[in-house]
Amino acid sequence: MPVSIDIIPFSGSLELYGEPDFSSAFSLAGHVSISLSSPSFMFQRRRSTTRALMQSLTVTFEGQSEMITSDIGYAPLRLCSITRELVNGEPVDLSNEGHEDSNKPCSWNVIFDIPVPGWLPTTSAYGDRNVVEAGTRYALYATATFIYLEDGSSSIFSSFCSPFGCRTHTINAPRCPVTLVRFAEVPSAPSSSSISVFPMALFIVDAQLGKDDAETAIPPEVLKKIQVVASIPTAVTLDETSVPLILRLQGNELDTSQRERLRITDFTVDVEQTETYRSTTSLDRVARFMVPPRTQQPPSLPLRNAHSVHTLYEIGLLMNPYPSKSTSTRSFSLFDPSNSGKYTISGDGRIFMNDSPEGDATTRSSSESWYVLEANVPLAPEPHQLDWAGLRGRRISENTPLFSVSHVMHIALRCVYEQPDGEVVSERLHFSLPMQHVRVAAPSIIPPADDRTIVGEIELKSAPYSQSLPAYSQLFYSNGERKIDYSTPLPLYEPPPSASSSSSFTLDRSDDNRKSI
(Lines give C-alpha, C1' and ligand atoms only; values in the text may rest on other atoms or scores of the structure.)
Protein backbone atom coordinates (compact mmCIF):
# COMPACT_ATOMS: atom_id res chain seq x y z
CA MET A 1 0.00 0.00 0.00
CA PRO A 2 1.43 3.45 -0.86
CA VAL A 3 0.61 4.88 2.61
CA SER A 4 1.42 3.30 5.96
CA ILE A 5 1.40 4.58 9.54
CA ASP A 6 3.23 3.49 12.69
CA ILE A 7 2.97 4.57 16.33
CA ILE A 8 6.28 5.44 17.98
CA PRO A 9 5.92 6.51 21.64
CA PHE A 10 8.78 8.30 23.35
CA SER A 11 8.83 5.41 25.82
CA GLY A 12 7.27 1.97 25.83
CA SER A 13 6.29 2.34 29.50
CA LEU A 14 4.55 5.06 31.46
CA GLU A 15 5.61 5.58 35.08
CA LEU A 16 2.88 6.65 37.51
CA TYR A 17 3.91 8.13 40.86
CA GLY A 18 1.97 8.24 44.09
CA GLU A 19 -1.36 6.73 45.10
CA PRO A 20 -4.10 6.26 42.48
CA ASP A 21 -5.75 9.64 42.10
CA PHE A 22 -8.83 10.48 40.04
CA SER A 23 -7.83 14.15 39.78
CA SER A 24 -4.32 13.56 38.41
CA ALA A 25 -3.04 12.65 34.96
CA PHE A 26 0.24 11.62 33.37
CA SER A 27 1.52 12.48 29.91
CA LEU A 28 1.97 9.80 27.26
CA ALA A 29 3.69 11.39 24.28
CA GLY A 30 5.14 10.23 20.99
CA HIS A 31 4.51 10.60 17.30
CA VAL A 32 2.70 8.85 14.48
CA SER A 33 4.97 8.21 11.51
CA ILE A 34 3.30 8.50 8.09
CA SER A 35 5.18 6.90 5.19
CA LEU A 36 4.41 7.57 1.54
CA SER A 37 5.99 5.59 -1.32
CA SER A 38 5.48 4.91 -5.03
CA PRO A 39 4.95 1.26 -5.91
CA SER A 40 6.63 -0.13 -9.01
CA PHE A 41 4.83 -2.09 -11.73
CA MET A 42 6.00 -4.32 -14.53
CA PHE A 43 4.99 -2.09 -17.44
CA GLN A 44 6.20 1.20 -15.95
CA ARG A 45 9.69 2.52 -16.64
CA ARG A 46 9.51 5.19 -13.97
CA ARG A 47 7.54 5.32 -10.78
CA SER A 48 4.82 7.90 -10.74
CA THR A 49 4.25 10.48 -8.02
CA THR A 50 2.01 9.46 -5.13
CA ARG A 51 -0.26 12.09 -3.66
CA ALA A 52 -2.64 11.56 -0.80
CA LEU A 53 -5.00 13.92 0.99
CA MET A 54 -5.03 13.04 4.67
CA GLN A 55 -8.48 13.86 6.01
CA SER A 56 -8.19 12.40 9.52
CA LEU A 57 -5.56 10.96 11.84
CA THR A 58 -6.63 9.74 15.26
CA VAL A 59 -4.61 8.12 18.02
CA THR A 60 -6.34 6.24 20.83
CA PHE A 61 -5.04 5.07 24.19
CA GLU A 62 -7.12 2.20 25.49
CA GLY A 63 -6.90 0.03 28.58
CA GLN A 64 -8.69 -3.23 29.30
CA SER A 65 -8.99 -5.88 32.00
CA GLU A 66 -9.92 -9.50 31.37
CA MET A 67 -10.61 -12.04 34.07
CA ILE A 68 -10.45 -15.73 33.19
CA THR A 69 -10.81 -18.41 35.85
CA SER A 70 -12.18 -21.94 35.80
CA ASP A 71 -14.88 -21.29 38.41
CA ILE A 72 -16.19 -17.81 37.50
CA GLY A 73 -15.53 -17.86 33.75
CA TYR A 74 -14.63 -14.89 31.53
CA ALA A 75 -15.23 -11.20 32.34
CA PRO A 76 -14.05 -8.32 30.11
CA LEU A 77 -13.95 -4.64 31.05
CA ARG A 78 -12.81 -1.52 29.20
CA LEU A 79 -10.89 0.66 31.65
CA CYS A 80 -10.47 3.75 29.49
CA SER A 81 -10.53 4.95 25.91
CA ILE A 82 -8.99 8.32 25.08
CA THR A 83 -8.91 9.50 21.46
CA ARG A 84 -7.15 12.54 20.01
CA GLU A 85 -7.63 13.94 16.50
CA LEU A 86 -4.27 15.04 15.10
CA VAL A 87 -5.54 16.68 11.90
CA ASN A 88 -7.26 19.92 12.85
CA GLY A 89 -8.84 22.11 10.19
CA GLU A 90 -8.18 21.48 6.53
CA PRO A 91 -6.96 18.12 5.16
CA VAL A 92 -3.22 17.72 4.69
CA ASP A 93 -1.80 17.18 1.21
CA LEU A 94 1.08 14.67 1.17
CA SER A 95 3.28 13.98 -1.85
CA ASN A 96 6.57 12.25 -2.62
CA GLU A 97 7.28 14.37 -5.66
CA GLY A 98 10.98 14.32 -6.44
CA HIS A 99 11.55 11.12 -4.46
CA GLU A 100 9.56 8.66 -6.55
CA ASP A 101 12.55 6.42 -7.33
CA SER A 102 13.98 6.48 -3.82
CA ASN A 103 14.21 3.17 -2.00
CA LYS A 104 13.15 4.90 1.21
CA PRO A 105 9.61 6.25 1.58
CA CYS A 106 8.90 9.86 2.45
CA SER A 107 7.95 10.16 6.10
CA TRP A 108 6.15 12.71 8.26
CA ASN A 109 5.93 12.61 12.06
CA VAL A 110 2.83 13.93 13.79
CA ILE A 111 3.36 14.47 17.52
CA PHE A 112 0.69 13.47 20.04
CA ASP A 113 0.33 13.94 23.80
CA ILE A 114 -2.40 12.01 25.63
CA PRO A 115 -3.30 12.65 29.30
CA VAL A 116 -3.53 9.27 31.01
CA PRO A 117 -5.76 9.17 34.12
CA GLY A 118 -3.81 8.75 37.35
CA TRP A 119 -6.18 6.17 38.85
CA LEU A 120 -5.52 3.45 36.28
CA PRO A 121 -4.16 0.13 37.61
CA THR A 122 -0.75 -1.10 36.55
CA THR A 123 -0.10 -3.58 33.78
CA SER A 124 -0.24 -7.08 35.25
CA ALA A 125 -1.19 -10.65 34.42
CA TYR A 126 -3.57 -12.60 36.63
CA GLY A 127 -6.20 -15.30 36.49
CA ASP A 128 -5.95 -18.91 35.43
CA ARG A 129 -2.30 -19.78 34.87
CA ASN A 130 -3.22 -21.99 31.89
CA VAL A 131 -4.55 -18.94 30.01
CA VAL A 132 -1.90 -16.54 28.78
CA GLU A 133 -2.25 -12.82 28.11
CA ALA A 134 -5.11 -12.30 30.55
CA GLY A 135 -5.10 -9.42 33.01
CA THR A 136 -4.72 -5.66 32.65
CA ARG A 137 -3.19 -4.35 29.42
CA TYR A 138 -2.85 -1.05 27.60
CA ALA A 139 -2.07 -0.11 24.03
CA LEU A 140 -2.05 2.71 21.50
CA TYR A 141 -4.06 2.56 18.29
CA ALA A 142 -3.97 4.92 15.29
CA THR A 143 -6.30 5.27 12.31
CA ALA A 144 -5.81 7.45 9.24
CA THR A 145 -8.27 8.33 6.44
CA PHE A 146 -6.82 9.23 3.01
CA ILE A 147 -7.97 10.13 -0.46
CA TYR A 148 -5.45 9.08 -3.12
CA LEU A 149 -5.16 11.90 -5.60
CA GLU A 150 -2.51 10.31 -7.77
CA ASP A 151 -0.42 7.22 -7.13
CA GLY A 152 1.86 4.81 -8.86
CA SER A 153 -0.85 2.18 -9.20
CA SER A 154 -2.36 3.95 -12.22
CA SER A 155 -2.20 1.46 -15.06
CA ILE A 156 -4.38 0.30 -17.90
CA PHE A 157 -6.21 -2.12 -15.61
CA SER A 158 -6.62 0.35 -12.76
CA SER A 159 -7.96 3.05 -15.08
CA PHE A 160 -10.93 0.84 -15.90
CA CYS A 161 -11.56 0.01 -12.21
CA SER A 162 -11.12 3.50 -10.70
CA PRO A 163 -14.60 4.82 -11.62
CA PHE A 164 -16.18 1.92 -9.71
CA GLY A 165 -13.89 1.93 -6.68
CA CYS A 166 -13.93 4.09 -3.60
CA ARG A 167 -11.02 6.52 -3.48
CA THR A 168 -11.25 7.00 0.30
CA HIS A 169 -9.08 4.57 2.23
CA THR A 170 -8.77 3.90 5.94
CA ILE A 171 -5.60 2.34 7.30
CA ASN A 172 -4.72 1.26 10.84
CA ALA A 173 -1.35 1.27 12.53
CA PRO A 174 -0.06 -1.87 14.20
CA ARG A 175 -1.05 -2.15 17.83
CA CYS A 176 1.54 -0.53 20.13
CA PRO A 177 1.56 -2.01 23.67
CA VAL A 178 2.22 0.38 26.57
CA THR A 179 3.21 -0.78 30.04
CA LEU A 180 1.94 1.16 33.06
CA VAL A 181 4.11 0.95 36.19
CA ARG A 182 3.25 2.65 39.47
CA PHE A 183 5.94 3.82 41.90
CA ALA A 184 5.39 5.00 45.43
CA GLU A 185 6.91 8.30 46.47
CA VAL A 186 9.77 7.71 48.87
CA PRO A 187 9.68 10.16 51.80
CA SER A 188 12.50 12.67 51.87
CA ALA A 189 12.98 12.37 55.63
CA PRO A 190 15.00 9.28 56.62
CA SER A 191 13.12 6.46 58.32
CA SER A 192 13.66 5.72 62.00
CA SER A 193 14.20 2.08 61.08
CA SER A 194 17.54 1.14 59.63
CA ILE A 195 16.08 -1.55 57.35
CA SER A 196 12.92 0.18 56.14
CA VAL A 197 12.61 2.88 53.50
CA PHE A 198 9.31 4.23 54.84
CA PRO A 199 8.57 5.60 58.34
CA MET A 200 6.93 3.53 61.05
CA ALA A 201 3.17 3.72 61.70
CA LEU A 202 1.60 3.25 65.14
CA PHE A 203 -1.49 1.09 65.70
CA ILE A 204 -3.45 1.00 68.96
CA VAL A 205 -4.48 -2.65 68.98
CA ASP A 206 -7.83 -4.06 70.02
CA ALA A 207 -6.73 -7.67 70.52
CA GLN A 208 -9.35 -10.40 70.23
CA LEU A 209 -9.41 -13.52 72.39
CA GLY A 210 -8.72 -16.90 70.89
CA LYS A 211 -9.02 -20.02 73.02
CA ASP A 212 -6.43 -22.77 73.00
CA ASP A 213 -7.22 -26.39 73.69
CA ALA A 214 -7.42 -25.73 77.42
CA GLU A 215 -10.94 -25.93 78.77
CA THR A 216 -10.48 -23.12 81.29
CA ALA A 217 -9.59 -19.70 79.91
CA ILE A 218 -7.82 -16.73 81.43
CA PRO A 219 -10.25 -14.37 83.17
CA PRO A 220 -11.36 -11.71 80.64
CA GLU A 221 -10.84 -8.91 83.16
CA VAL A 222 -7.13 -9.80 83.22
CA LEU A 223 -6.62 -9.79 79.46
CA LYS A 224 -8.54 -6.54 79.03
CA LYS A 225 -5.94 -4.77 81.14
CA ILE A 226 -3.16 -5.59 78.66
CA GLN A 227 -2.50 -2.65 76.37
CA VAL A 228 -0.78 -3.33 73.04
CA VAL A 229 0.67 -0.80 70.59
CA ALA A 230 2.18 -2.14 67.34
CA SER A 231 4.47 -0.42 64.83
CA ILE A 232 5.21 -1.43 61.24
CA PRO A 233 6.34 0.62 58.22
CA THR A 234 3.69 2.60 56.38
CA ALA A 235 4.74 0.73 53.25
CA VAL A 236 7.03 -2.16 52.30
CA THR A 237 8.84 -2.24 48.96
CA LEU A 238 8.96 -5.35 46.82
CA ASP A 239 12.76 -5.28 47.09
CA GLU A 240 12.76 -5.54 50.88
CA THR A 241 13.16 -9.04 52.28
CA SER A 242 12.17 -8.27 55.87
CA VAL A 243 9.72 -6.08 57.76
CA PRO A 244 10.56 -4.41 61.09
CA LEU A 245 7.98 -5.03 63.81
CA ILE A 246 7.81 -3.31 67.21
CA LEU A 247 5.34 -4.37 69.91
CA ARG A 248 4.84 -2.33 73.08
CA LEU A 249 3.02 -4.03 75.96
CA GLN A 250 1.74 -2.37 79.13
CA GLY A 251 -0.21 -3.66 82.12
CA ASN A 252 -0.44 -0.74 84.55
CA GLU A 253 -3.96 -1.67 85.60
CA LEU A 254 -2.97 -5.19 86.70
CA ASP A 255 -2.65 -5.72 90.44
CA THR A 256 0.36 -7.37 92.04
CA SER A 257 -1.21 -10.84 92.13
CA GLN A 258 -2.20 -10.69 88.46
CA ARG A 259 1.29 -9.56 87.47
CA GLU A 260 2.83 -12.56 89.18
CA ARG A 261 0.43 -15.05 87.61
CA LEU A 262 0.43 -13.65 84.05
CA ARG A 263 3.19 -14.47 81.60
CA ILE A 264 3.75 -13.62 77.92
CA THR A 265 5.80 -16.54 76.61
CA ASP A 266 5.94 -16.02 72.83
CA PHE A 267 4.25 -14.47 69.84
CA THR A 268 3.71 -15.59 66.24
CA VAL A 269 3.68 -13.49 63.09
CA ASP A 270 2.43 -14.16 59.59
CA VAL A 271 2.14 -11.93 56.52
CA GLU A 272 -0.79 -12.88 54.31
CA GLN A 273 -1.54 -11.83 50.75
CA THR A 274 -5.14 -12.07 49.56
CA GLU A 275 -6.09 -11.85 45.90
CA THR A 276 -9.72 -11.28 44.89
CA TYR A 277 -10.90 -12.11 41.36
CA ARG A 278 -14.24 -10.73 40.15
CA SER A 279 -16.39 -11.81 37.24
CA THR A 280 -18.92 -8.98 37.36
CA THR A 281 -18.70 -5.32 38.26
CA SER A 282 -21.46 -3.66 40.24
CA LEU A 283 -22.85 -0.27 39.28
CA ASP A 284 -21.35 1.53 42.26
CA ARG A 285 -17.95 0.01 41.54
CA VAL A 286 -18.14 1.19 37.93
CA ALA A 287 -18.94 4.72 39.08
CA ARG A 288 -16.17 4.69 41.65
CA PHE A 289 -13.48 3.78 39.12
CA MET A 290 -14.80 6.11 36.40
CA VAL A 291 -14.69 3.48 33.66
CA PRO A 292 -16.61 4.04 30.40
CA PRO A 293 -20.41 3.51 30.59
CA ARG A 294 -22.05 0.18 29.85
CA THR A 295 -22.83 1.26 26.29
CA GLN A 296 -19.06 1.27 25.67
CA GLN A 297 -18.46 -2.04 27.41
CA PRO A 298 -18.54 -5.56 25.97
CA PRO A 299 -20.65 -7.01 24.46
CA SER A 300 -22.14 -3.68 23.30
CA LEU A 301 -18.69 -2.53 22.15
CA PRO A 302 -16.11 -5.34 21.98
CA LEU A 303 -12.56 -4.83 23.17
CA ARG A 304 -10.04 -3.93 20.49
CA ASN A 305 -7.70 -6.74 21.52
CA ALA A 306 -9.88 -9.24 23.33
CA HIS A 307 -8.55 -12.61 24.42
CA SER A 308 -9.26 -15.42 21.99
CA VAL A 309 -11.25 -17.32 24.62
CA HIS A 310 -14.00 -14.69 24.56
CA THR A 311 -15.32 -16.17 21.28
CA LEU A 312 -15.87 -19.54 22.94
CA TYR A 313 -17.94 -17.93 25.68
CA GLU A 314 -19.97 -15.86 23.20
CA ILE A 315 -20.99 -18.84 21.06
CA GLY A 316 -21.70 -21.00 24.11
CA LEU A 317 -18.92 -23.57 23.82
CA LEU A 318 -17.65 -22.46 27.23
CA MET A 319 -19.95 -21.52 30.09
CA ASN A 320 -19.60 -20.41 33.67
CA PRO A 321 -19.85 -23.59 35.80
CA TYR A 322 -21.12 -21.58 38.79
CA PRO A 323 -23.44 -18.82 37.52
CA SER A 324 -24.21 -17.56 41.02
CA LYS A 325 -20.54 -17.19 41.92
CA SER A 326 -19.10 -13.79 41.08
CA THR A 327 -15.83 -13.74 43.04
CA SER A 328 -12.93 -16.05 43.71
CA THR A 329 -10.12 -15.56 46.19
CA ARG A 330 -6.81 -17.10 47.09
CA SER A 331 -4.82 -16.33 50.21
CA PHE A 332 -1.34 -17.47 51.10
CA SER A 333 1.52 -16.66 53.40
CA LEU A 334 4.51 -14.69 52.17
CA PHE A 335 6.79 -16.66 54.49
CA ASP A 336 9.19 -19.32 53.41
CA PRO A 337 7.90 -22.82 54.34
CA SER A 338 10.80 -23.24 56.75
CA ASN A 339 9.81 -20.08 58.68
CA SER A 340 7.33 -20.81 61.47
CA GLY A 341 6.97 -17.16 62.40
CA LYS A 342 7.31 -17.94 66.12
CA TYR A 343 9.34 -15.70 68.42
CA THR A 344 10.10 -16.78 71.98
CA ILE A 345 10.42 -14.15 74.71
CA SER A 346 13.49 -14.59 76.87
CA GLY A 347 13.15 -15.05 80.62
CA ASP A 348 10.17 -16.43 82.51
CA GLY A 349 7.69 -14.26 80.61
CA ARG A 350 6.60 -12.12 83.58
CA ILE A 351 7.13 -8.93 81.66
CA PHE A 352 4.73 -6.86 83.81
CA MET A 353 6.51 -7.49 87.10
CA ASN A 354 8.63 -4.38 86.60
CA ASP A 355 5.53 -2.20 86.22
CA SER A 356 4.45 -0.59 89.48
CA PRO A 357 0.75 -1.07 90.29
CA GLU A 358 -1.54 1.89 90.29
CA GLY A 359 -1.27 3.92 93.49
CA ASP A 360 2.29 2.82 94.30
CA ALA A 361 4.61 5.59 95.37
CA THR A 362 7.29 4.30 92.98
CA THR A 363 5.10 4.46 89.88
CA ARG A 364 7.17 5.23 86.79
CA SER A 365 6.18 7.43 83.89
CA SER A 366 4.01 5.94 81.15
CA SER A 367 6.92 6.04 78.69
CA GLU A 368 9.05 3.88 80.99
CA SER A 369 6.42 1.23 81.78
CA TRP A 370 6.18 -0.20 78.26
CA TYR A 371 7.74 -3.59 77.55
CA VAL A 372 9.16 -3.43 74.01
CA LEU A 373 9.50 -6.40 71.64
CA GLU A 374 11.37 -5.91 68.37
CA ALA A 375 11.72 -8.32 65.48
CA ASN A 376 12.69 -8.29 61.81
CA VAL A 377 10.10 -10.44 60.08
CA PRO A 378 11.68 -12.17 57.04
CA LEU A 379 9.74 -12.56 53.80
CA ALA A 380 10.26 -15.21 51.16
CA PRO A 381 12.60 -13.76 48.52
CA GLU A 382 11.04 -15.80 45.69
CA PRO A 383 7.75 -17.65 45.05
CA HIS A 384 7.86 -21.21 46.33
CA GLN A 385 4.41 -22.65 45.59
CA LEU A 386 2.19 -23.03 42.55
CA ASP A 387 -1.60 -23.26 42.32
CA TRP A 388 -4.41 -22.57 39.84
CA ALA A 389 -3.54 -18.86 39.60
CA GLY A 390 0.19 -19.39 39.09
CA LEU A 391 3.12 -18.76 41.38
CA ARG A 392 2.37 -17.42 44.83
CA GLY A 393 4.53 -14.35 44.49
CA ARG A 394 4.39 -10.93 46.08
CA ARG A 395 2.38 -8.25 44.32
CA ILE A 396 1.82 -4.60 45.04
CA SER A 397 -1.28 -3.72 47.05
CA GLU A 398 -3.93 -2.45 44.65
CA ASN A 399 -7.67 -2.29 44.16
CA THR A 400 -9.00 -2.51 40.61
CA PRO A 401 -12.47 -3.21 39.20
CA LEU A 402 -11.79 -6.90 38.50
CA PHE A 403 -8.72 -7.68 40.59
CA SER A 404 -7.62 -6.65 44.08
CA VAL A 405 -4.59 -7.46 46.22
CA SER A 406 -4.42 -6.78 49.96
CA HIS A 407 -1.81 -7.54 52.61
CA VAL A 408 -2.25 -8.12 56.32
CA MET A 409 0.17 -8.95 59.13
CA HIS A 410 -1.37 -11.35 61.65
CA ILE A 411 0.08 -11.36 65.18
CA ALA A 412 -0.83 -13.62 68.11
CA LEU A 413 0.47 -13.15 71.67
CA ARG A 414 0.49 -16.29 73.82
CA CYS A 415 -0.58 -15.52 77.39
CA VAL A 416 -0.14 -18.07 80.19
CA TYR A 417 -1.96 -17.58 83.49
CA GLU A 418 -1.75 -19.53 86.75
CA GLN A 419 -5.12 -19.86 88.46
CA PRO A 420 -5.38 -19.50 92.27
CA ASP A 421 -5.88 -23.29 92.49
CA GLY A 422 -2.60 -23.85 90.64
CA GLU A 423 -4.07 -24.74 87.24
CA VAL A 424 -2.18 -23.21 84.29
CA VAL A 425 -4.28 -22.00 81.35
CA SER A 426 -3.28 -20.21 78.16
CA GLU A 427 -4.88 -18.12 75.49
CA ARG A 428 -3.79 -16.10 72.50
CA LEU A 429 -4.49 -12.46 71.81
CA HIS A 430 -5.00 -12.09 68.08
CA PHE A 431 -4.87 -8.89 66.04
CA SER A 432 -4.07 -7.92 62.47
CA LEU A 433 -2.31 -4.91 60.96
CA PRO A 434 -3.01 -3.63 57.43
CA MET A 435 0.03 -3.46 55.20
CA GLN A 436 0.87 -1.70 51.96
CA HIS A 437 3.28 -3.32 49.52
CA VAL A 438 4.59 -0.90 46.91
CA ARG A 439 7.14 -0.58 44.16
CA VAL A 440 9.74 2.19 44.26
CA ALA A 441 11.78 3.52 41.39
CA ALA A 442 15.43 2.57 41.24
CA PRO A 443 17.66 5.52 42.16
CA SER A 444 19.38 7.13 39.21
CA ILE A 445 23.07 6.24 39.15
CA ILE A 446 25.55 8.65 37.62
CA PRO A 447 28.06 6.58 35.64
CA PRO A 448 31.73 6.96 36.47
CA ALA A 449 34.03 8.97 34.27
CA ASP A 450 35.29 5.82 32.54
CA ASP A 451 31.76 5.02 31.26
CA ARG A 452 31.30 8.41 29.64
CA THR A 453 32.08 9.24 26.04
CA ILE A 454 33.28 12.69 25.03
CA VAL A 455 32.27 13.74 21.51
CA GLY A 456 33.67 17.19 20.78
CA GLU A 457 32.31 19.36 23.55
CA ILE A 458 29.27 17.14 24.21
CA GLU A 459 29.41 14.58 27.01
CA LEU A 460 27.29 11.49 26.45
CA LYS A 461 26.21 9.48 29.50
CA SER A 462 25.08 5.90 29.44
CA ALA A 463 22.14 6.67 31.76
CA PRO A 464 19.22 8.48 30.08
CA TYR A 465 18.73 12.04 31.22
CA SER A 466 14.99 11.68 31.62
CA GLN A 467 15.36 9.09 34.38
CA SER A 468 17.22 11.58 36.58
CA LEU A 469 14.34 14.06 36.49
CA PRO A 470 11.81 13.86 39.34
CA ALA A 471 8.14 13.34 38.64
CA TYR A 472 5.76 16.31 38.78
CA SER A 473 3.96 14.84 41.81
CA GLN A 474 7.28 14.77 43.69
CA LEU A 475 7.71 18.54 43.29
CA PHE A 476 4.15 19.89 43.39
CA TYR A 477 0.82 19.10 45.02
CA SER A 478 -2.29 18.39 42.96
CA ASN A 479 -3.40 22.04 43.35
CA GLY A 480 -0.11 23.31 41.87
CA GLU A 481 1.57 24.38 45.11
CA ARG A 482 5.21 23.48 45.44
CA LYS A 483 6.19 20.83 47.96
CA ILE A 484 8.63 22.10 50.61
CA ASP A 485 10.68 19.73 52.71
CA TYR A 486 10.45 21.23 56.20
CA SER A 487 12.42 18.34 57.71
CA THR A 488 15.66 19.98 56.57
CA PRO A 489 16.18 23.14 58.67
CA LEU A 490 17.48 26.27 57.04
CA PRO A 491 20.97 27.39 58.12
CA LEU A 492 21.13 30.19 60.68
CA TYR A 493 22.01 33.58 59.31
CA GLU A 494 25.44 34.83 60.24
CA PRO A 495 26.83 38.17 59.03
CA PRO A 496 30.03 38.03 57.02
CA PRO A 497 33.06 38.17 59.33
CA SER A 498 34.55 41.08 57.39
CA ALA A 499 31.37 43.20 57.42
CA SER A 500 32.02 44.96 60.75
CA SER A 501 35.70 45.64 60.10
CA SER A 502 34.99 47.00 56.64
CA SER A 503 32.31 49.34 57.96
CA SER A 504 34.46 50.64 60.80
CA PHE A 505 37.39 51.20 58.46
CA THR A 506 35.23 53.29 56.16
CA LEU A 507 33.98 55.42 59.05
CA ASP A 508 37.46 55.94 60.42
CA ARG A 509 38.74 56.99 57.06
CA SER A 510 35.83 59.41 56.63
CA ASP A 511 36.60 60.90 60.02
CA ASP A 512 40.23 61.29 59.12
CA ASN A 513 39.32 63.00 55.89
CA ARG A 514 37.06 65.46 57.66
CA LYS A 515 39.79 66.22 60.18
CA SER A 516 42.31 66.88 57.45
CA ILE A 517 40.03 69.43 55.86
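# A guided tour of a predicted chain

Among contacts in the protein chain (heavy atoms within 4.5 Å) between residues at least 6 apart in sequence, 79% join residues at least 24 apart. The model is predicted: local features need pLDDT of at least 70 and side-chain atom pairs count only at pLDDT 80 or more, while totals for chains, interfaces and linings use all residues. Residues are numbered from 1 along each chain as its sequence is written, and side-chain values use heavy atoms, with hydrogens and water left out.

**The whole chain**

Start with a cartoon view. The protein chain has seven helices and 28 strands; these are DSSP runs numbered from the N terminus, helices being H or I with at least four residues and strands E with at least two. Of the 517 residues, 40% are buried, where buried means under 20% relative accessible area, exposed over 50%, and partly exposed in between (1.4 Å probe, protein chains only). The chain exposes about 29,800 Å², and carbon and sulfur atoms supply 54% of it. Such areas come from the Shrake-Rupley method with a 1.4 Å probe, and for residues only the protein chains shown count as cover.

**An open sheet**

Next select strands E12, E14, E16 and E20. They form an open sheet in the order E12-E14-E16-E20, with antiparallel pairing. At the edges are E12 (200-204) and E20 (371-378), each pairing on one side only. Neighbouring strands of this sheet are turned by 20° against each other on average, direction ignored; the axes are lines fitted to C-alpha atoms, for helices over the stretch in contact, and angles run from 0 to 180 degrees between N-to-C directions. Two strands count as paired if DSSP finds at least two bridges between them. Five bridges join E14 (residues 227-233) to E16 (residues 242-250). Zoom in on Ala-230, which stands opposite Leu-247 in E16.

**Salt bridges**

Now show the charged side chains. The structure holds 11 salt bridges, each a side-chain nitrogen of Lys or Arg within 4 Å of a carboxyl oxygen of Asp or Glu.

Select Arg-137 and Glu-66, whose closest N and O atoms are 2.7 Å apart. Arg-137 is in strand E9 (residues 135-150) and Glu-66 in strand E4 (residues 51-69), 71 residues apart. Both residues are buried.

Move to Arg-428 and Asp-266, which meet in a salt bridge at 3.6 Å, N to O. This pair links strand E25 (residues 424-435) to strand E17 (residues 262-278), across 162 residues. Asp-266 is buried, with a relative accessible area of 5%.

Then select Glu-275 and Arg-330, a salt bridge of 2.7 Å, N to O. Glu-275 is in strand E17 and Arg-330 in strand E18, 55 residues apart. Both are buried.

**Loops and a surface patch**

Go to the loop between helix H4 (283-289) and H5, where Pro-299 lies. A cis peptide bond joins Pro-298 and Pro-299, with omega about 5°. Met-290 is also placed between H4 and H5. Its phi is near 55°, a positive value in a residue other than glycine.

Finish with a surface view of Leu-312, Ile-315, Leu-317 and Leu-318, which make a nonpolar patch of about 360 Å². Patches are made of residues with over 30% relative accessible area and no salt bridge; like charges are joined within 9 Å, and nonpolar side chains (Val, Leu, Ile, Met, Phe, Trp, Tyr) within 5 Å. Leu-317 sits in the loop between helix H5 (309-314) and strand E18 (327-333), and is exposed, with a relative accessible area of 61%.
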